Amino acid sequence: MNAVEIEQSVSDLFDKPFEAESFIPEFLESFGNKATVIKRLQSSTSLSDIDGALLQRSNIHLKVCSEGQVHSVFNQLKASPATSKNKVKFVLATDGHTIEAEDLSGNEPLVCDYKDFPNHFGYFLPLAGIETVKQIRDSSFDIRATSRLNRLYVELLKDNPSWGVAENSHQMNHFMARLIFCFFAEDTEIYKGNRLFTTTVEQMSERDSSNTHQVISEIFRSLNTKLTDRSAEKLPRWTELFPYVNGGLFAGSVEVPKFSKIARSYLLHIGGLDWTKINPDIFGSMIQAVTDDEERGALGMHYTSVPNILKVLNPLFLDDLREQLENAGDNPRTLLNLRKRISKIRVFDPACGSGNFLVIAYKQLREIENEINVRRGEVGRKSDIPLTNFRGIELRDFAAEIARLALIIAEYQCDLLYRGQKEAIDDFLPLDSENWITCGNALRLDWLGICPPTGTAIKIQSDDLFETPLNQAQIDFENEGGETYICGNPPYLGSRGQTDEQKDEMKAIFDHRVKNWKSLDYVACWFMKAADYGAQGNCATAFVSTNSICQGMQVAILWPLIFSTGHQIVFAHTSFKWSNLASHNAGVTVAIVGLSNRLPKMRKLYSIIENGATEVKEVVNINAYLVPGRDFVVNKIARPLSQQAEMTFGNTPIDGGNLLLNKEQVKLLGLTPDQEKTFIRDFYGSAEFIRGVSRYCLWIEDKHLDEALSIPSIKKRIDQVRILRMEGGKTANDISDRPHQFQRLNVGLKSTTIIPSVSSESRSYLPVGLLPSSAIVSNAAFAIFDAPLWNIALVASRLHRVWISTVCGQLETRLRYSNTLGWNTFPLPQLTEKNKADLTKCAEDILLARESHFPATIADLYESDSMPQNLKDAHDRNDEALERIYIGRRFKNDTERLEKLFELYIKIAGKK
Ligand SMILES: C[S@@+](CC[C@H](N)C(=O)[O-])C[C@H]1O[C@@H](n2cnc3c(N)ncnc32)[C@H](O)[C@@H]1O
C-alpha cells in the first residue's frame, strides 16, 4: 500500500463509530497488513506480556483499554520488557476517545482525540514500511488532501469521460487547479466568510447533485468579474461575497464537469479539510500525480525532501547570501545593498515539476529578506522579491499549473508570516497576470528567451496566468545586473530508456559536438544547455543528477564539452541515496553537481561520511569523477599498472548451447563416472557464481577427442557445433575445425579466481571467489589463473569497489566490471612481502567466513542489510590491512579513498 491508500483506509476506519473488539485488526489492516497475517497474530501465542494487548514483532505493541485508562496503559506498553525484546517501533493505547502513541525511535509522543487520528497518520507511516522524512510526518494534511482530490478526480472522470481524453486534459487540469485555489482561499480568509466556497456549493446545489456544476460555474464566473461589472454580468446574488481574482485563473471557459452524488460529497469532504496547513512544496509534489495515469498508482510518492533541495540551493547561492547577511551585521547600507541584490536574483528550474525547488528558493530568500528588514527596523515591509523571478519549464501541463499555484500560495504564506494577515490578504488579490512557468519541452525551448539573463523591459504581458502562449519569455522586469541561478532535478534516463523523441533531442544537442553521445544519460542535456546558457551572463547552475554522468565512459564524453565552455565544477555532492516516499524505497543514487564560469579559488566537495553526517572539504579542483584533484580521464590499459596479476576474460563457447549443460542434460548424455570425470566440468558465469546455479560444460582436451567422438551423445553435440560455426561469422568460422572446444582454453593449473562482470550495486563488496582448477569460467565473468591469494584481497576490498564504480560506471543499478579499465588501472602502492602475507591471510579469512555459512550463496551472504557478522568482520580486517598500506590508517570515507587512488594513479601512470 502507498501512503495515499493508507490514508484512505485510516480515514474510513476512524470515520466509523469506535468498536473496541474490531479496532486492533482493522487498524493493522489499514496499515497494509494482510488479513491472514493478522489472524495468525491473533491466534498464535501472544508475544505481548500485557493482558489483552497485541504485539507485532519489529512493529507495534497496542491495546484497547477502558475509558480513562489510556495514559497508564500507554506507559505500561512502553515499559513492557516484551516491547524492547521484540524491537517494537510503536506503542499505542486507545479507549475510543483518546489515542496515545509513541514512535520509539525517538520522535515526540502523540496524544490526540480518537477522531483526530487521521490528521496524524503520517506519524505512523513507518508501520507500513514507509520511512518518511520529518516534513511528511508533520504534513499528513498534504497526503490527505491529495488522496481526496484523487478520489474526486477519478469520480468526475467516471461521469464525464470526455474530460479524460487527451485533448481535454488541460481543461480538467485547469478545473482541478481552480478548485484547489478555492479551497485554499476560503480557509485563509482570502474569501471572506466561513468556508465560503464549500458552504455555497453545499447550500446552493441540490442534494441530488444535479446542478452542482452550474453552481460552481457561476462562482467561477464571479471570481473572474470585477465587482463593478457584476450587475451587468447578471451574476446571482449569492455569488456577491466572492472577490475578484483575475490572474487568468478564472478567465476563459467556466465549464465545469457534471457531479454525481458521490462526487459532490467528495467535494464537500475536501472543503472540510484545513487548507491553511497546506505546504506548497510537499503538496505540489504529491498533487501532480493526480492527473497522471501512470503515476497515480504511486500517488504522492515522489516527494523530494526540503533538506535534499537545500543540498542544491545552499551551496549554489543561499550560503553566500547568508554569509553576507552575517557580515553585514546591523549596517543599514550594507543590508540595503544585500536586499537589492536579493530582489534581482532569478532562480530558473528547467524541469520544475510542481515547482518545489522554486518554492523553497522563494521561501528562503523571503526569510533572508525578512531578517534584513528586522535589522533595519522595517518589520512588515512589503517584499521586493517578485514571484516572476522564479521561472520554470515543465513538460506536464498539470504539474506546470500546480507550480504556479504553489508559488502563489508560498507568497501568501510568507506575507502572512512576515507581514501579518491583513497585509497578506490585502495584497493578495487580484492575482498578477504574469506567467513564469512555461509548459513545454526544455530541450526544445530557448532558455535565453524564457529566462533572459538580464534586462529591464516588459515586452509581452499576458493577461492570463494559466492560458499564456508558450513564448512568454518576453515577460521581463527590472533586474539589470541581476544574477541567475539554474537548479533542479531533471529526468535521468539511460540510453535504453530513452524514447525516439528524446534521442532526437539528445542528437540535436550533442551530435555536432561529440561522437559517442549515445552513451550519455538524458540528464546530460540539461548540463550542456545550462553551460551554453551560462556563457551569456552572470549565472551558475546546480542539478541533482544520476551519478552515472560522473562515472565510467560518460566522463570522457560529457565533461570535456562542459569544461570547454569555461565552466568548472565549483561544488559537488558525491553520491548519496535520493529516497522518496515509495514503500520500502531504497532510492536512486544521485550526485549534485554545481557549475560556474566565475571560478572561486577554492571549491567545495560535500560527501556523506561513515556516521551519516555530511562533510565538506575545500579543495583546489573537483574533477569530473567528483574527486579532488586534476582533471583527467582514466583510460583502458592492456596490462596491470602495478603488481596485481593478469586478469582475462573467461571462455566464450560460440556453441549454440551445445557445449553447455544443466544437470538433467548431463544425465541424458549417459556417461560412465569415468567419462563424466574426463569430459564434464563445472561452468561458472556471473549468475552461476553469485546465485549458486549449477551449470556444466563439455570440456574436451585434444588427447581425449577420439574417446569423446566414440560417445554418440557427445558426438551429436560436437557435430552441431561444427555446423553452427561453419555457418557463423569469421570468428566462429576460424574455430570450426575444433568444434569440441571453446574459443579460448583458459584454465588454471592450480586454481582460478572468478570476478563476475556485473554485480548488484546494493552489495558493499564486489563478488570474487576461488574455484578449483577444474572449473571453467564463462565469458560472463573475468578470471585470474593461478594467482597469489592476495589478489582476492584486492578485489574484495572497499577500495576496489569504489574504484570500479567510479571508473567503470554502472549498468542501471548494477556495477560493471572491466579488467582493462578497472583492474589494470587500479593503483597499488609497492607491496612488501609482509603486506602480501597479511593480505593473503585476510583473503583466507574471507573465504573461511563464507565457508562457515555453507551452503549460502554469494547473493545470500552479501545482502548488505544481512551480511553475517563474521563475514563483515573478515572484510573489515581486509579493508583495514589494505588501507593501512595506502595511508597508515583507515580512510574516513569514499571521497578520501578516491582522492588517494587518483593521486596514486596519476603518479604511477605518469611514470609509465
Ligand atoms: C525528477 S522530476 C523533478 C521535478 C521536481 N523538481 C521534483 O523534485 O519533484 C523531473 C521533471 O522534469 C519534467 N521533464 C521531463 N522531461 C522534460 C523536458 N524535456 N522538458 C521539461 N520538463 C521535463 C518531468 O515532467 C518532471 O516533472
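Tutor: The term pLDDT stands for the predictor's confidence in each residue, on a scale from 0 to 100, while helices (H or I, at least four residues) and strands (E, at least two) are DSSP runs numbered from the N terminus. This is a predicted model, in which local features need a pLDDT of at least 70 and side-chain atom pairs count only at 80 or more, whereas totals for chains, interfaces and linings use all residues. Residues are numbered from 1 along each chain as its sequence is written, and side-chain values use heavy atoms, with hydrogens and water left out.

The protein chain has an average pLDDT of 89, and 92% of the residues reach at least 70. Confidence is highest in helix 29, residues 790-795, with a mean of 98, and lowest in helix 13, residues 293-296, where the mean is 58. Over residues 456-477 the pLDDT stays under 50, and the value also stays under 50 over residues 581-586.

Now to the strands, where two strands count as paired if DSSP finds at least two bridges between them. Strand 13, made of residues 603-608, pairs in the parallel sense with strand 11, residues 568-578, over three bridges, and in this pairing histidine 573 stands opposite tyrosine 606 of strand 13. Strand 13 also pairs with strand 14, residues 614-619, here in the antiparallel sense and over six bridges, with arginine 603 standing opposite valine 619 of strand 14. Strands 13 and 14 form a hairpin with five residues between them, and in its turn glycine 612 has a positive phi of about 90°.

Elsewhere in the chain, four strands make an open sheet in the order 15-23-19-21, and their pairing is antiparallel. Strand 15 (648-649) and strand 21 (769-772) stand at the edges of this sheet, and because each has a single partner strand, one side of each is left without a neighbour in the sheet. Within this order, strand 19, residues 751-756, and strand 23, residues 781-785, pair in the antiparallel sense over five bridges, and isoleucine 754 stands opposite alanine 783 of strand 23. As background to these pairings, the strands of a sheet pair through backbone hydrogen bonds, either parallel or antiparallel.

Notes. Contact = heavy atoms within 4.5 Å.
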